[in-house]
Structures are given as C-alpha cells and as structure tokens.
Amino acid sequence: MDKRENIVPLTAGRLPVDTLRRPIHDLRISVMDRCNFRCPYCMPRETFHEAYRFLKTNERLDFAELLRLARVFARAGVKKLRITGGEPLLRPNLCDLIGDLTSLPGIEDVALTTNGMLLAKYATELKAAGLSRITVSLDTLDPEIFARMSGGFGGVAEVLEGIEHARRAGLAPIKVNTVVQRGVNDHTLLDLLAYFRGTGVIVRFIEYMDVGTRNHWNPALVVPSKELAARIHERWPIQPREREYRGEVAERHAFEDGMGEIGFISSVSQPFCGDCSRARISSDGSFYTCLFATHGVDLRGPLRAGATDEELYELIRGVWSGRSDRYSELRASMRGTADLHKVEMNYIGG
Ligand SMILES: C[S@@+](CC[C@H](N)C(=O)[O-])C[C@H]1O[C@@H](n2cnc3c(N)ncnc32)[C@H](O)[C@@H]1O
Ligand code: SF4
C-alpha cells in the first residue's frame, strides 16, 4: 500500500477543534495569485504593477499536491471546499482539479469564486466537472464605476454574460458578491438589486474589509450592513431569515414580495469570528487560520520533502488546535500595531 494512504480513519469525536472550540469545516484554496483585474480594494495597481513578482509555476502547489492536502483536510473535518484566488479561472486546466476534488471522500460541496470574466468560456466545463455552486463578484452595473472598482479591466457586459452562461449550464445557486464602498458604488446598489431580483441569483453585500496592507483601508468607506439593509428595506421590504448552519457567513434576508433573497457579510460591523470554521491555503501552500493572518504555516515544504499523510494530518491538527484568531472581533484594538503585516487577499484567497 502507498505509505501516504496509510492513515487511520478518524472518528467524529476526535476531529480537531481550536482553542475556542471551533471545528474545521471549510477550506478555501487559492489556486492562483495572479488576477486579470486590479480592484483597488484587493490588488491596487500601484503595488501589483507590471514588474510585480508573482509566484512562478513551480512555486504554486500543483494539482496532485492540492488534492493530497484536500484529502488530509477532509480527514480533519473539512466538508466544503471553495476554489478562489487571485482569479482561479486563470489557472490552466482548473476543471481537471475540480473534477478530482468533487470525488474526494468526505467532501460534500465544491464551490468557486470568480470575477466572471472567463466564466462564459468555462461555465459548461465547470458544471461537467462536478462544481456545485458559483459565486461571481460584481460590484455595480454602472460601467464607469465598474472600471474604477476593477482597476480598469473587464466590463459589466462580460460578467453578466458569464453569469448567464453559468445559469444555462445549471450551476445553482449563483451568488453575486458585491463589495460596498461609501461614495464609490453604494448609490448604485438598488439598481444592481433591481436587475437580479426575481432571477434566483442571490446578491450578497460585503462590507469593505481591511484585508492585507496595501488597500489603504479607511473605515469611513465602510457602509455598515444595517444601514444598507435599511435603505433596501425602504424600497423593497425585507425580512431576516434563520441561519442555515453554524458558521454561515452571510446574514440572509428575504424580499417580502417573494422575489428571492439577499445576504449581508458584515465582517467589520458585526464580526463573526466566534463561529469561524474556515481554513485557507495560499497558492504556494501556506496554511492560514484567519483571513487577516500575519503568518502562515508552510505545507509545501513538508509535502515536497516526502511527508506522509499522517505527518501532514498531525501538522494541520496541531496548527488548528492551537488556533485562537479572532481578528475581526479585535480589529479596533489591533489596528496600527507595528508588526501587523497581514497577508494579501489575492495570495490567501477571499
Ligand atoms: C479575493 S477575490 C478572489 C476571487 C475572484 N478574483 C473574485 O474577485 O471573485 C474573493 C472575494 O473577495 C472580495 N474582496 C476582495 N478584497 C476585499 C476587501 N478589501 N473587502 C471585502 N471584500 C473583498 C472580492 O470582491 C471577491 O468577492
Ligand atoms: S477581488 Fe478578485 S478580481 Fe478583484 S483584484 Fe482581487 S482577486 Fe482580482
């Protein structure tokens, strides 16, 4: 038997929990640090310029390595995988990886977050590979504001076409992620909702977050979800819905007229660290236990040095068991701390 397969099946009672008793349920895998957009809130052009040194191909985990890690994480309790980046659809042959991930024992759900530019091209292939769901980022329908928020790349029409292809391919549900910035796109959000209401597409508004260190985050640009919900409620009354599961990130609301639902992701105004069961792997194989982490634990080194699954499992279990992150809850007191070199979002994945 392959030594790497030699791992003792774990019972639910032995699955790792962290110091705050949080299990590990979700794994976000950044498959690509590059992106075809330069959203100023994520990859501002002045930092991610033409001479920026992205990872070389051999520095990124290859598909066999990603698959192995996903399998080990599944044994630690992970049931849901989200493929992200950078822009994941820039990773060559991504559908092959998705096909393999969807057949892993213990994995119940594989989802993808994309800026949608390449979705028209890949939607059918993604569905055929077994992808369950897709999230498309779209901040506004206004072409000029879109250009400002994408760093001048792509266009509304292409993203909407991508969403349409995803719908026709049968990827469901389709969610739209909208980062909200005061004075930038917040006055265009009712138009965005008017477009998607009644189509089955679920729009989720994300409070602008202080991920990384390069996006010049300014709390004055954050529109608290409560304020946005009140604005929406004035136009189309909405009602909060029950959470579907512990650790659900978005607070769901339904339109009272039956035209579907929307979500609010309020990491700044209502931190949800208490239920956070998400682990992350960066494109070069570092393991992060928080989106706002300053340090990751290298898994690529041990993988390439021949570690067994059991050794990788023990490494992951040890890191998770020692986890105490709750950055969003501590944000106010931690900001400005000199040594806060938070990892960038394109690298760790959103
Ligand atoms: C980092 S992106 C990666 C996947 C893909 N490129 C995309 O844009 O969907 C994942 C998600 O993070 C969101 N995001 C990036 N920077 C953010 C920030 N500073 N605050 C809130 N959300 C952010 C994006 O809007 C996107 O929905
Ligand atoms: S949010 Fe997504 S599309 Fe925008 S720069 Fe970041 S990785 Fe690229």
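A residue is called buried here when its relative accessible area is under 20%, exposed when that area is over 50%, and partly exposed in between, as found with a 1.4 Å probe on protein chains only. This is a predicted model, in which local features need pLDDT of at least 70 and side-chain atom pairs count only at pLDDT 80 or more, while totals for chains, interfaces and linings use all residues. Residues are numbered from 1 along each chain as its sequence is written, chains are lettered from A and ligands numbered from 1 in the order in which they are written, and side-chain values use heavy atoms, with hydrogens and water left out.

The protein chain has 350 residues, of which 53% are buried, and its secondary structure comes to eleven helices and twelve strands. Helices (H or I, at least four residues) and strands (E, at least two) are DSSP runs, numbered from the N terminus. With contact taken as heavy atoms within 4.5 Å, 74% of the contacts between residues at least 6 apart in sequence join residues at least 24 apart.

Helix 6, residues 189–196, has Leu189, Leu192, Leu193 and Phe196 as its buried residues. They lie on the same side of helix 6 because they cover an arc of only 95° around the axis, the arc being that of the directions from the helix axis to the C-beta atoms. These buried residues pack against helix 5 (156–169) and helix 7 (225–235), and also against strand 5 (174–180), strand 6 (202–207), strand 8 (251–255) and strand 9 (261–265). Just after helix 6, glycine 198 takes a positive phi of about 80°.

Phe196 is also among the contacts of isoleucine 163, which, leaving aside neighbours within four places in sequence, include Leu119, Val136, Leu138, Ile174, Val176 and Val201 as well. Isoleucine 163 is in turn one of the residues with the most contacts inside the largest nonpolar core, alongside Phe73, Ile134, Phe205 and Ile232, and this core has 97 residues. Its largest share, seven residues, comes from helix 1 (residues 63–75). A nonpolar core is a set of buried Ala, Val, Leu, Ile, Met, Phe, Trp, Tyr and Cys residues joined through side-chain atoms within 4.5 Å.

Aromatic rings of Phe, Tyr and Trp (its six-membered ring) pair if their centres lie within 6.5 Å, with planes under 30 degrees apart counted as stacked, over 60 as edge-to-face and the rest as tilted; by this rule there are nine aromatic pairs. The rings of tyrosine 52 and phenylalanine 54 have centres 4.7 Å apart and planes at 65°, so this pair is edge-to-face.

Glutamate 59 lies in the loop between strand 1 (26–32) and helix 1, and its C-alpha atom is separated by 8.8 Å from that of arginine 300, although the two are 241 residues apart along the chain.

Some backbone details remain. The peptide bond from alanine 172 to proline 173 is cis, with omega near 0°, and proline 173 lies in the loop between helix 5 and strand 5. Arginine 21, in the segment before strand 1, has a positive phi of about 65° although it is not a glycine.
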